[in-house]
Amino acid sequence: MNYLSVENLTKSFGERILFQDITFGINKGEKVALIAKNGTGKSTLLKILTGKEDYDSGSVVYRKDLRVAFLEQSPYLDSSKSIMENLFESENEVTKAIKNYEMALQNPSDNEQLNKAIEEIERLKAWDYEQEFKQILSQLKIDNVNLPVNVLSGGQQKRVALAQILIRKPDFLILDEPTNHLDLEMIEWLEEYLQKTQMTLLMVTHDRYFLERVCNTIIELENQQIYKYEGNYSYYLQKKEERQQIEQATIDKAKNLYSKELEWMRRMPKARGTKSKSRIDRFYDIEKQAKKRLDEKQVEVEINMQRLGSKIVELHNAVKRFDDKLILDKFSYVFKRKDRIGIIGKNGVGKSTFLNILTGKEKLNGGKIIIGETVVFGYYNQSGMNFKPGQRVIEAIKDIAEVIPLTKGKKITASQLLERFLFPKSMHYNYIERLSGGEQKRLYLLNVLMKNPNFLILDEPTNDLDIITLNVLEDFLSDFPGCLLIVSHDRYFMDKLVEHVFVFEGEGKVRDFPGNYTQYRAWSLLQSKNEKAVKSEKNVIKEPANPNAISEKPKEKKKLSFKEKYEFEQLDKEIPQLEKQKEELESKLMQGNLSHEELTEISTQLGELTKELDDKTNRWIELSEFM
């Protein structure tokens with residue numbers, strides 16, 4: 001059943017064409033991701049589909065009586081109303097009944113109002129809906145629904161807007177970067193919720209795990225055209241590679257044919273009027289195809305990093321608090337060369353404060369911090385770049401330097417550097433405020449890197465960046481010779497780059513975990529499972545076999561046996577080998593030249609290998625607790 005039909009849609013801003021004559025459809029039950037580079041019109045297309053933006057030509061048609069909801073990157077809430085009033089703005093009958101019930105609960109002395117609200121929920125059979133409403137608020141950490149919206153931060157408002165949309169249960173849900181401003185637990189919950197929901201989805205997101213696990217269709221906007229792939233993110237990568245190979249082969253073939261046809265066109269110019277009109281038309285078609293270029297430009301990143309000395313950054317018994325809220329409680333750590341550290345924790349536990357302490361923007365209440373003389377910080381702050389009103393793109397770079405030194409004594413001008421970061425000359429004199437959100441973030445990243453830091457601090461660097469830029473940034477950071485400290489809710493980004501994580505657990509506690517995010521999550525779930533099992537055992541009342549027997553407390557394990565130490569050392573060697581084998585199999589899957597039998601065989605091997613890797617990783621984590 002078709003929910004949305006887009007036919008020959010065209011949108012331009014002046015001479016700049018975002019997309020031209022694009023056509024696609026979305027059917028009931030599809031979970032679709034829209035992928036494109038920054039500045040090519042993703043958010044504009046979503047606004048057109050929701051009637052918030054006009055288009056030049058074409059048509060957008062929804063199925064009749066379809067309930068459509070749209071979560072924008074910066075959603076609008078009525079700041080004059082409370083969270084509760086914003087949550088229940090919908091005219092939906094069930095939503096109204098839940099609202100009346102919630103309001104009645106706040107005034108329990110009014111039995112008549114409460115009974116009336118309960119009767120209405122009974123009539124509509126909405127108790128399951130009410131339970132789901134409670135779960136959504138709980139998972140998104142919306143506790144006090146009576147708070148006015150105008151006291152909430154931007155991230156809190158985004159969570160309220162997300163809850164508002166999920167509570168309405170629309171038929172068709174459109175999401176623009178839904179994971180921004182959510183902590184990791186919320187993202188995992190939303191991922192699971194959207195996997196199970198019957199709603200039809202269209203979303204823009206940079207979260208590749210989200211794309212892989214939620215979406216079953218990918219729509220790519222490239223070169224002003226639409227390409228549709230019926231599969232998840234891995235399938236899209238494979239098929240895109242195949243498509244580009246076919247397109248390149250077609251272009252190469254057209255070039256060969258073009259040279260022959262060009263020779264024919266040049267012969268006897270005076271007699272051209274007698275030549276076959278159809279062949280002349282075909283020549284111009286071939287010329288157009290032969291001169292076509294695949295858009296394969298990528299961000300080029302290169303810096304001239306100052307060498308780090310032996311002393312980098314040292315924290316000794318660091319204490320930081322705001323009034324009664326403790327952020328750090330006697331935290332100590334000595335940074336080493338090439339440290340790759342991720343920082344995770346719920347919103348509000350002090351992650352950004354910790355970064356501000358390192359860069360001198362916040363002072364400690366106790367303990368000390370020592371910064372090495374050779375350290376040059378590069379701090380990418382999630383609040384973004386403070387550019388001057390009316391400032392142009394080239395001016396933001398020239399304010400730092402007209403000429404930038406690179407490695408091996410090379411130099412580059414500000415204009416050339418912008419082109420390396422995918423800002424063509426036609427954009428150099430654009431006003432910064434007219435850039436898309438992703439383009440502004442890319443310019444800010446360039447601004448940070450051109451100062452040639454040797455200690456990079458990245459606070460939510462993946463927000464608003466397109467997947468193409470993220471892949472290049474990840475490759476650059478993998479080879480970055482300095483220290484790297486990352487706060488990010490992008491699990492894929494963290495897994496690819498960090499070697500251990502600081503887990504901000506609240507109340508000043510910071511755990512230094514030896515592994516990436518996924519390994520920490522596996523360990524955390526295992527710990528939680530074990531704690532539940534212990535609690536369950538304590539709650540069971542057992543009749544002693546011998547009332548006179550003296551019960552002995554089981555001895556708590558404090559260290560590994562020789563055999564377990566040997567097992568730990570073997571796992572330490574085996575896990576990297578298994579990870580390498582997994583990468584090789586994944587690389588083979590992405591080649592796009594495999595037969596059906598080979599695909600099946602490699603997919604089976606990959607599944608078995610992944611299970612073995614997960615089992616051994618969990619065992620390594622279990623043993624590492626006692627090392």
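Okay, so the secondary structure of this protein comes to 19 helices and 20 strands, where helices (H or I, at least four residues) and strands (E, at least two) are DSSP runs numbered from the N terminus. Before going on: this is a predicted model, so local features need pLDDT of at least 70 and side-chain atom pairs count only at pLDDT 80 or more, while totals for chains, interfaces and linings use all residues. Residues are numbered from 1 along each chain as its sequence is written, and side-chain values use heavy atoms, with hydrogens and water left out.

Now the overall picture. Of the 627 residues, 46% count as buried, and buried means under 20% relative accessible area, with exposed over 50% and partly exposed in between, using a 1.4 Å probe and protein chains only. As for contacts (heavy atoms within 4.5 Å), take those with a separation of 6 or more: residues 24 or more positions apart account for 68% of them.

Let's look at some helices. How do α5 and α6 pack? Helix α5, residues 127-139, and helix α6, residues 154-168, sit at an angle of about 165° with their axes 10 Å apart. The axes here are lines fitted to C-alpha atoms, for helices over the stretch in contact, and angles run from 0 to 180 degrees between N-to-C directions. That makes α5 and α6 roughly antiparallel; the cut-offs are under 35 degrees for roughly parallel, over 145 for roughly antiparallel, 65 to 115 for roughly perpendicular, and oblique for the rest. On the α5 side, Y129, F133, I136 and L137 meet A163, L166, I167 and R168 of α6.

Next, helix α11, residues 351-358. Why call it largely enclosed by the rest of the structure? Because seven of its eight residues are buried: K351, T353, F354, L355, N356, I357 and L358. Just past the end of α11, G360 takes a positive phi of about 80°.

On to the aromatics. A search of the whole structure finds 18 aromatic pairs. Rings of Phe, Tyr and Trp (its six-membered ring) pair if their centres lie within 6.5 Å, and planes under 30 degrees apart count as stacked, over 60 as edge-to-face and the rest as tilted. One of these is W189 with Y193, a tilted pair at 5.2 Å centre to centre and 35° between the planes. Both sit in helix α7, residues 184-196, four residues apart, about one turn of the helix. W189 is buried at 8% relative accessible area, and Y193 is buried too, at 11%.

Then there's F331 with F502, which is edge-to-face: 5.5 Å centre to centre, 80° between the planes. This pair links distant parts of the chain, with F331 in strand β11 (residues 325-334) and F502 in strand β19 (residues 500-506), 171 residues apart. Are they buried or exposed? F331 and F502 are both buried. They also belong to a cluster that ring pairs link together, along with Y333, F335, F354, F377, F455 and F504. You'll remember F354 from the buried part of α11.

Last stop: E474, in helix α15, residues 467-479. E474 counts as buried because its relative accessibility is 0%. Leaving out residues up to four places away in sequence, E474 touches R208, Y492, F493, K496 and L497.
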